[in-house]
Amino acid sequence: MADLPGKDIWRGGVTPWQCDEMGHMNVQFYLAIAAQGLAGLAAMLGMPHAFTHGASSTLLLREHHVRFLKEARPGAGLVTTGGLLDIGETEATLLQLLYHATGEPAAAVTGKVQHVTPRDLRPFPWTRATRERVDAMRIDAPEFARPRSITVEPVETMASLRQAEALGLPVVSGGAVMPEHCDVFGRMSPDHMLNRVYASVGHMIQPSHEALLAAQPELAGRLGGAAVEYRAVYHAWPRAGDRVELRSAHRALTPKFRRVVHWLLDPTTGRPWASGEVVSLFLDLQARRSLTLSADALQAMAVDPMDELGL
């Protein structure tokens, strides 16, 4: 493989159990890989124990932006490189680039993190040792890693249980956080948050899929979907035993893609744990390429998007 930008922080591959009904690695596992890569980046910042029980400081994720570029199917070899895009007094923006063994980009994960105390999440300045490592970790974001369809501008969240009820956002998932969903500090991990979205959003989109297949029966056995871009903003961190409720709705629907906004809420307090947006293409599972729906098929799906919906 040719030299890749950034530092090598993870190597592995795709197992069948990581793949979903679309035949490719599920979105959850991109963030699971990114969690391991984040530990590697922390070590390069002089924090090799940042994600251990004895950590004196750690990196707390505030946001994720992901570009999904080329599907990874069972048996694929993958490698992740990474580096530092920007750094402030207590925060930083880190980039991870996931490549196929062939050198083709598979995904790009940008994470905004804060340097905090592990228990009470109090931000505090980077150490001198970290500051001395900054220049060696700098990386430029390639074009394929930059936002395309989803803005990454700062947002003041509109997510809340009261707002979800007012807008009529359906409940697509509800339950409790289990210990196995949490990191070493007892906080629910971002990959399990994304898994809640993936595993449950069928409650919302299934009726539109059935209507689409009725309008275009030739798509039976071929219709699928593939996420191409994702943004998540983390507002608070549920722990084992906390309840979570997912409310979701379409923000846009076109012949080529759907945009769906997800609010992961605390049904006890009504406050948001996280909010996110996913852009996904319609996928032809046989040809392994994107589908373009007809105007009649799109109308038959009977979806009324809420373009005012946001994070």
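This is a predicted model: local features need pLDDT of at least 70, side-chain atom pairs count only at pLDDT 80 or more; totals for chains, interfaces and linings use all residues.
Which residues in α1 meet which residues in α5?

**Figure 1. Contact of helices α1 and α5.** From α1, the residues Val 27, Gln 28, Leu 31 and Ala 32 take part, and they meet Pro 190, Asp 191, His 192, Leu 194, Asn 195 and Tyr 198 of α5. By residue type, this contact of α1 with α5 divides into six nonpolar, three polar and one charged. Two packed helices are described by the angle between their axes and the distance between the axes. Here the axes of α1 and α5 (residues 190-200) come within 8 Å and cross at roughly 175°. Angles over 145 degrees count as roughly antiparallel, and α1 and α5 are therefore roughly antiparallel to each other.

**Figure 2. Burial of helix α5.** Eight of the 11 residues of α5 are buried, so this helix is largely enclosed by the rest of the structure. The buried positions in α5 are Pro 190, Asp 191, His 192, Met 193, Leu 194, Arg 196, Val 197 and Ser 200. Among the residues of α5 that meet α1 are Pro 190, Asp 191, His 192 and Leu 194.

**Figure 3. The largest nonpolar core.** This core holds 59 residues, and those touching the most other members are Met 25, Leu 59, Leu 78, Leu 98, Tyr 230 and Tyr 234. Helix α1 (residues 27-44) gives the most to the core, with nine residues. Around Leu 78, leaving aside neighbours within four places in sequence, the contacts are Trp 10, Arg 11, Gly 12, Gly 13, Val 14, Met 25, Ile 33, Ala 72, Leu 98, Tyr 99, His 100 and Ala 106.

**Figure 4. Surroundings of Ala 72.** Ala 72 is found in the loop between β2 and β3 (77-87). With a relative accessible area of 0%, Ala 72 is buried. Beyond the neighbours within four places in sequence, Ala 72 is in contact with Val 14, His 24, Met 25, Tyr 30, Leu 78 and His 100. The C-alpha atom of Ala 72 is separated by 37 Å from that of Gln 163, which is 91 residues apart from Ala 72 along the chain.

**Figure 5. The aromatic pair of Tyr 30 and Phe 68.** The structure holds four aromatic pairs. One of these is formed by Tyr 30 and Phe 68, with an edge-to-face arrangement at 5.1 Å centre to centre and 80° between the planes. Tyr 30 lies in helix α1 and Phe 68 in strand β2 (residues 58-68), so the pair ties together parts that are 38 residues apart in sequence. Tyr 30 counts as buried at 6% relative accessibility, and Phe 68 is buried with a relative accessible area of 11%.

**Figure 6. Ile 139 and its contacts.** Ile 139 is placed in the loop between α3 (134-137) and α4 (161-167). At 9% relative accessibility, this residue counts as buried. Its contacts, leaving aside neighbours within four places in sequence, are Pro 5, Gly 6, Gly 82, Gly 83, Leu 84, Leu 85, Leu 95 and Leu 97. Ile 139 and Leu 84 are 55 residues apart in sequence, and their C-alpha atoms are 5.6 Å apart in space.

**Figure 7. Val 134 in helix α3.** Val 134 has its place in helix α3 and counts as buried at 5% relative accessibility. Leaving aside neighbours within four places in sequence, Val 134 is in contact with Leu 84 and Ile 87.

Figure 8. Most residues other than glycine have a negative phi. The phi of Leu 121 is positive, near 60°. Leu 121 lies in the loop between β5 (105-116) and α2 (128-131) and is partly exposed, with a relative accessible area of 23%. Ala 302, which is not a glycine, has a positive phi of about 55°. Ala 302 lies in the segment after α7 (295-300) and is exposed, with a relative accessible area of 67%.

Key. Residues are numbered from 1 along each chain as its sequence is written. Side-chain values use heavy atoms; hydrogens and water are left out. A nonpolar core is a set of buried Ala, Val, Leu, Ile, Met, Phe, Trp, Tyr and Cys residues joined through side-chain atoms within 4.5 Å. Buried means under 20% relative accessible area, exposed over 50%, partly exposed in between (1.4 Å probe, protein chains only). Helices (H or I, at least four residues) and strands (E, at least two) are DSSP runs, numbered from the N terminus. Contact means heavy atoms within 4.5 Å. Rings of Phe, Tyr and Trp (its six-membered ring) pair if their centres lie within 6.5 Å; planes under 30 degrees apart count as stacked, over 60 as edge-to-face and the rest as tilted. Axes are lines fitted to C-alpha atoms, for helices over the stretch in contact, and angles run from 0 to 180 degrees between N-to-C directions. Angles under 35 degrees count as roughly parallel, over 145 as roughly antiparallel, 65 to 115 as roughly perpendicular and the rest as oblique. Ala, Val, Leu, Ile, Met, Phe, Trp, Tyr, Cys and Pro count as nonpolar, Asp, Glu, Lys and Arg as charged, and the others, Gly among them, as polar.
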